Structures are given as structure tokens and as C-alpha cells.
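Please look through the structure below with the sequence at hand.

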Amino acid sequence: MLSFAATVLLDGVSYGMVLFLISVGLTITMGLMRVVNLAHGSFAMIGGYIAGYFTQRGYNFYVALAVAAIIPGILGGLCEVTVYRPLYRKGELSQVLLTIGLVFVATAAVTEIFGAFPYPVKFPEYLTRPIDIGFRTYPGYRVFLIVVGAIIAAILWWVIDNSIYGARLRAAVDNARMARAVGMNVNLLFTGTFVVGCALAGLGGAIGAGILTPEPSYSLKYVVLFLIVVIVGGEGSFKGSFVAAMALGIIDTMGKYFIAPAAPYLLYVAVFLLLLWRPQGLLPPKSAT
Amino acid sequence: MKKWVFGAATAAMLSLSAGTASADVVKIGLIADFTGAFATWGVQFQQAIQAYQTVKGNKVKGPDGKEHEIQFVYRDNASAGPDKTKQLAEELVLREKVKMLAGFDLSPHAMAVADIANQAKIPVVIMNAATASITRGSPYYVRVSMTIPQHVVPLAQWAWKNDIKKVYMITSDYAPGHDASNFFGKTFQALGGQIVGNDKSPITETNYGVYMEKVLQAKPDALYMFQPAGAPSVALVKAFAERGLKAAGIKLLGTGETQEIFMDQFTDDLIGTVTSFHYTETNKNPQNVALRAQLTKQFGAKAAPDIASVAAWDGTDLIHQAVAALGPDAEGLKYIDFMKTAKIDSPRGPVSIDPVERDVIQNIYIRRVEKRDGKLNNFDIETIPMVKDPWKIENPPKS
């Protein structure tokens with residue numbers, strides 16, 4: 001029973017790591033720029049397709065991952081400057097309409113280039129085998145997700161808490177006008193953060209492809225999950241999105257095990273209750289409290 | 001998409017040239033999804049129809065000795081649901097004056113044209129739409145595809161005969177999935193088998209780890225899956241191997257998940273999976289060999305036949321035969337009466353049309369996934385001859 005509980009926990013955490021990697025960029029950009037970016041999942045999808053493209057052609061898996069982070073990052077930067085920036089002062093309706101339009105563009109583009117079928121990433125042989133983790137054998141891929149997710153979370157944590165970039169970022173999230181007033185180049189900070197957020201989404205889409213398979217409908221299918229992570233965590237809160245992603249991953253996994261017929265709704269019930277309890281999210285940034 | 005536009009352009013050109021040709025033109029309206037989520041259906045239908053007409057010619061000699069050209073007019077349902085289907089069918093009947101309708105990938109689309117077929121008195125040749133009850137919807141319906149229970153019941157019987165006593169079911173939570181778990185469960189239990197788990201997964205599920213843990217604990221002899229082709233079935237098979245179920249000796253059973261057109265997405269983990277289906281891509285029937293060769297020649301090395309292709313091939317054959325026997329201007333029900341007794345030389349094997357139900361009766365093949373010449377594919381291990389839709393046996397027509 002104990003080993004089973006540990007399995008459910010590991011399943012939940014590995015799923016949560018994928019949600020975290022993809023959503024963390026969204027949480028920071030939404031908190032920072034107040035743009036409801038529904039197209040965020042498309043950057044993750046593009047990352048997944050790129051990783052699929054290169055791994056299927058026999059390129060090194062880690063090279064493919066790097067490209068899967070870099071290209072969405074560059075695309076994100078270009079989109080920020082050309083498409084998103086004019087939106088910052090517009091109302092939420094314009095933001096939703098334009099970003100959902102971007103989703104359709106991305107969906108049509110990958111269908112045209114890669115076809116209508118799901119597009120799998122070929123993981124290296126050692127990741128597709130079960131490995132011995134002491135009390136049982138467990139899929140190597142899930143272990144990889146947990147390790148990579150933990151490393152990236154630790155790096156982000158350090159950068160946001162201890163670096164000058166992190167200090168600026170926190171300052172701008174908490175009060176963008178004040179940050180501008182003390183001479184910070186908030187525009188540059190926005191673009192930089194957007195690039196990093198999209199690159200992380202691309203990376204998350206690539207390494208998470210074993211759970212969330214790249215396919216044309218990817219962005220529409222999963223955008224709700226990513227938004228839930230952001231809202232439950234608290235817009236703009238990096239730590240909040242980590243906690244929220246873990247919590248949702250574990251709740252979803254436990255639901256499927258213990259009360260399977262209700263599993264599709266359980267996640268939403270949990271979100272509903274969490275938001276009743278903490279309407280600003282689990283760990284909202286200071287500006288929101 | 002491009003191919004479809006090209007096809008439409010070709011059709012338009014043909015209709016222009018038909019004015020000067022001596023043969024008259026019999027138009028058949030084909031409605032399917034050529035764009036959107038279900039786009040592969042339309043593309044596969046169209047390629048098979050074009051392949052058929054290239055191999056066998058697009059003209060038939062009628063009873064009057066004159067040549068008639070059979071011309072398909074394609075309409076894109078654009079994955080937009082039954083309202084769109086209705087509108088397209090009306091347009092085809094009124095403006096294009098089609099003599100028959102054909103195609104229909106999804107059940108609601110096929111059901112939507114019953115009234116139009118009844119009023120216009122024209123046959124509707126259904127090339128997929130697998131909900132069992134559909135053919136009762138109008139006397140003008142003829143189906144050349146399949147029904148879900150037709151696959152599932154023989155699979156449950158095969159499992160029981162092959163020492164599988166306990167089965168765990170993971171079926172997708174939508175109407176065909178419910179049919180699948182219902183018919184598999186009751187057939188298997190009636191034989192004395194035990195269903196040790198029955199999970200319904202959301203239709204878009206791709207995270208099967210937890211389900212597999214439950215299966216491991218229930219220790220069945222086999223896992224029966226009914227999952228939408230593509231992401232869900234690929235993810236299920238991956239989790240099945242990753243979580244050690246395959247290593248534990250649990251057999252994996254399914255139906256349409258392992259079609260050749262989806263094989264690229266799977267890994268070798270799929271080897272050994274047993275499925276039941278009405279068409280095995282690797283069979284050696286002359287018609288199948290002809291279909292495969294023509295698809296490759298006409299549409300490139302990647303074109304592979306699937307159930308949409310064989311149904312379109314057979315549906316086209318049925319339409320050609322009907323026009324050859326009765327000419328271009330017979331009454332709708334005369335065509336239907338002819339089709340009830342027609343012989344179809346199908347790529348899948350023996351096929352006949354049930355004269356009472358106007359539905360397909362066909363062999364069901366039990367196949368195992370194997371890797372031969374470096375490629376995964378399905379290979380027949382057993383044939384269950386001439387299976388009639390079990391739903392119709394259970395629900396006889398009211399007289």
C-alpha cells in the first residue's frame with residue numbers, strides 16, 4: 001500500500017512538473033504584463049513538434065531539446081515585439097480575440113507542415129524502459145521528468161530570488177509604474193521575460209511530449225490546464241505556479257485512481273474549492289494581496 | 001487540402017468536357033470532412049475513389065448499351081457537424097442533380113440526410129458512420145463499412161477460446177466506446193469470463209500511467225482497449241509497456257487502434273497486440289494488392305489504405321455496378337434492391353449486403369501486430385466468417 005501511495009505521488013509529481021514547465025512562463029507574463037495570452041500553449045506545441053522533428057530524424061535528443069527551447073523563445077520574442085506589445089493597453093477582449101487567433105494560426109500551420117495526426121517525440125531508448133527505483137520498477141521517462149523539472153525549478157528559484165534580474169522582475173510585477181519611475185527599462189524586461197517564458201514552454205512541450213502528445217489541437221486542448229495552474233498559483237507568482245502545478249498533478253492522478261468515474265470533473269471541483277479558499281491564488285505576489 | 005482543391009478543379013474540368021463527350025454523366029455527391037479534425041476521412045475516401053476509377057475506368061455500359069460516366073462531386077463537411085451535412089446534401093440534390101449520395105465519416109452526418117434521401121428518393125451509400133442503428137433510419141441507406149459490435153463480439157469470443165479468463169477494460173468515454181465496453185463485457189461474461197475492471201477514460205486522455213497501475217493490481221489475463229486512433233491509443237500502448245504490464249504477460253486487445261496508417265506513431269511496444277477488424281492491410285486478395293499498388297502509384301509511397309479506403313473502394317464498386325445494371329435513371333429503391341443482392345469483390349475479403357438491414361455482412365479478422373522487414377503491421381491469425389452486426393440480431397426489426 002505504501003509503495004502504491006508512493007507511485008501515485010510520483011505519477012502526480014511528474015505530471016505536475018510538465019504542467020509547471022509549460023505554465024511558468026505564462027504565469028510570469030500574465031502577472032507582469034496583464035496580457036491574457038491564450039496562445040502560450042502554442043509555443044509549447046511548437047517545442048514538441050520541433051523535438052519530434054529532430055528526434056525522428058535521428059538527431060541527439062538533447063540537441064533536439066535545446067532547439068525546441070530556442071526556436072519558441074525566438075518566435076516568442078518576435079511576437080512580443082510585433083503582436084503583443086500593442087495589446088498591453090487594450091482591453092482584455094482584444095487580447096483574448098487576438099491570442100485565440102494566434103492559436104488558430106499555429107494549429108493550421110502545424111497541420112499544413114506536419115499533418116493532422118499526432119506527432120510523437122522519439123525518446124532515447126533508456127528513457128522508454130522501466131528502471132529500478134528501490135521499492136519497485138518505474139518508467140525511466142517519469143524519473144527524467146521529475147529530475148529535469150526539479151533542476152529547472154531550482155535554477156528559476158535562485159534567479160528570481162537572488163539575481164538582479166530577479167529583483168527587477170519582482171519589482172516590475174509588484175508595481176510596473178514605480179519600476180519605470182526609478183529608471184528600469186521595463187519594456188526590455190518584458191521582452192526578455194517573454195522570450196524565457198516561451199523557451200521554457202517549448203522545452204516543457206518537448207520533454208512533456210510523452211504525456212501531452214504534440215498534435216494540431218494541442219493548444220486548445222490544454223490551454224485550460226495551463227490557465228488553471230496560473231490562476232490557482234496566483235498570477236505572477238513563480239512559487240505559486242510550482243505549488244499549483246504539483247497540487248493539480250497529484251489531485252488529477254489520485255482522482256483517476258480512487259474515483260475514476262468522477263476524475264474528469266474532480267480537477268475542476270478542486271480548482272473551484274481552492275479559489276473559494278484563496279481567490280487570489282495560493283501564493284499571490286505582493287501587488288495582488 | 002491542396003489535393004482536395006485540385007480534385008475539385010479536376011471534377012469541374014471533367015464536367016465541362018462532359019458536354020462535348022458522347023457519354024452522359026451520372027453524378028454522385030460525396031460528402032465527407034476534408035478539412036478540420038476529421039480531415040483524413042475525406043482524403044482517404046477521395047484517394048480510394050480516384051484509385052478505383054483509374055484502375056477500372058470511370059465509365060460503365062448501361063443496360064441500353066450506352067456508356068455512362070460516373071462522376072463524383074466532392075463536398076467538404078469541414079468537420080462542422082450535421083447541419084452542414086444537410087445543407088451540402090440539399091445543394092448536391094437540387095443544384096448538382098446527383099443520382100446518389102455517398103461518403104459520411106461520422107454517424108451524426110449520415111443520420112442527418114435521411115429526410116433528404118427519402119424526399120429525393122435517392123440511395124445513400126454510407127462509407128463509414130458505424131453506429132449500429134443507422135441503416136434503420138431510411139430505406140435508402142446502404143452501408144458498406146462496419147459496426148462497432150461487429151468487431152467487438154468476435155474479439156471477446158476469441159479471447160475466451162484462447163485461455164483469457166479475466167479482462168480489464170479501458171474504453172473511451174463516448175458513444176462508440178460505450179458500445180464497445182457494453183458488447184465486449186456482456187459477450188465475455190456470458191461465456192463465463194470475468195471483467196475485473198471497467199474504466200472509462202476521457203476521449204482526449206493521454207496520461208494512462210494511473211490506469212495501468214490499477215490494471216497491474218487487478219492482475220487480469222488481458223487488457224481490452226477501445227481508444228480513439230492517434231494520441232490516446234499511442235499513449236495507452238506506451239504506458240502499457242512502461243509500467244511493466246507487457247513484461248508481466250498481460251495481453252493487449254483492441255480493434256481499430258493498430259491500423260497501418262497509424263503505425264508510424266507507435267514503437268515496438270505494440271508487437272504482440274491482438275485486434276479484431278474487418279480489414280487487414282497485409283492481406284493478399286487481388287483487389288487489395290491492386291488498391292495498394294494504385295494508391296502508392298497515384299499518391300506517393302506514404303499513402304496507405306485504411307478502412308475509409310476499402311469502404312470507398314467497395315462503395316464505388318457498388319455504385320458502378322448499380323448504374324451498369326439499371327442505367328442512370330432508375331428509381332432509388334430499384335437501385336437499393338439491386339445493391340442488396342450485388343456481389344462486391346472487396347479488398348478486405350468476402351462482403352455481402354444484408355437484404356433485410358441493408359448493412360454489411362463480412363469476415364472479421366483476428367490479427368496480431370508483428371514486425372516484418374523492419375516494419376510494424378497487422379497479420380491475420382484467425383478468420384471469423386461472415387459476421388452480421390450483433391446489435392441487429394439483439395434488436396430485430398419490428399414488423
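What follows is a walk through a predicted model.

Begin with chain A as a whole. Its secondary structure consists of 11 helices and two strands. The C-alpha trace of chain A extends over about 55 × 45 × 35 Å along its principal axes. A compact globule of 289 residues would have a radius of gyration near 19 Å, and chain A agrees with this because its own value is 19 Å. Among the 289 residues of chain A, 47% count as buried. If one takes the contacts in chain A with a separation of 6 or more, 77% of them join residues 24 or more positions apart.

Next comes the place where the two chains touch. Here 25 residues of chain A are in contact with 24 residues of chain B. On the chain B side, two or more residues each come from helix H2 (39–56), strand E8 (194–201), helix H8 (209–218) and helix H9 (231–242). By type, the chain B residues on this side are eight nonpolar, nine polar and seven charged.

Helix H2 of chain B, which contributes to that side, also packs within its own chain. Two packed helices are described by the angle between their axes and the distance between the axes. The partner considered here is helix H11 of chain B, residues 307–326; the axes of H2(B) and H11(B) come within 8 Å and cross at roughly 45 degrees. The crossing of H2(B) with H11(B) is right-handed. From H2(B), the residues that meet H11(B) are Trp41(B), Gln44(B), Phe45(B), Gln47(B), Ala48(B), Ile49(B) and Tyr52(B). Their counterparts in H11(B) are Ala308(B), Ser309(B), Ala312(B), Trp313(B), Thr316(B) and Asp317(B). This contact is made up of eight nonpolar, four polar and one charged residue.

H11(B) also meets helix H12 of chain B, residues 332–341. The axes of H11(B) and H12(B) come within 10 Å, with a crossing angle of roughly 115 degrees. This crossing, too, is right-handed. Leu318(B), Ala322(B), Ala325(B) and Leu326(B) of H11(B) meet Lys334(B), Tyr335(B), Phe338(B) and Met339(B) of H12(B). Seven of the residues in the contact of H11(B) with H12(B) are nonpolar, none is polar and one is charged.

Two single residues complete the picture. Thr296(B) lies in helix H10 of chain B, residues 286–299. It has 15 other C-beta atoms within 10 Å, and therefore counts as partly exposed. Apart from neighbours within four places in sequence, Thr296(B) is in contact with Ala301(B) and Ala303(B). Thr296(B) and Ala51(B) are separated by 245 residues in sequence, while their C-alpha atoms are 9.5 Å apart.

The other residue is in chain A: is Asp161(A) buried or exposed? Asp161(A) belongs to helix H5 of chain A, residues 140–162. A residue with 12 or fewer such neighbours counts as exposed, and Asp161(A) is exposed because it has 12 C-beta neighbours inside 10 Å. From Asp161(A) to Ala244(A) the distance is 83 residues in sequence and 19 Å in space, C-alpha to C-alpha.

Definitions and conventions
Residues numbered from 1 in each chain as written. Chains lettered and ligands numbered in written order. Predicted model: local features only at pLDDT ≥ 70, side-chain atom pairs only at ≥ 80, totals over all residues. Helix = DSSP H or I, 4+ residues; strand = E, 2+ residues; numbered from the N terminus. Rg over C-alpha atoms; globule rule 2.2 N^0.38 Å. Buried ≥ 20, exposed ≤ 12 C-beta atoms within 10 Å, placed from the backbone. Contact = placed C-beta atoms within 7 Å. Nonpolar A, V, L, I, M, F, W, Y, C, P; charged D, E, K, R; others polar. Axes fitted to C-alpha atoms, helices over the stretch in contact; angles between N-to-C directions. Left-handed = near helix turned anticlockwise from the far one by under 90°.
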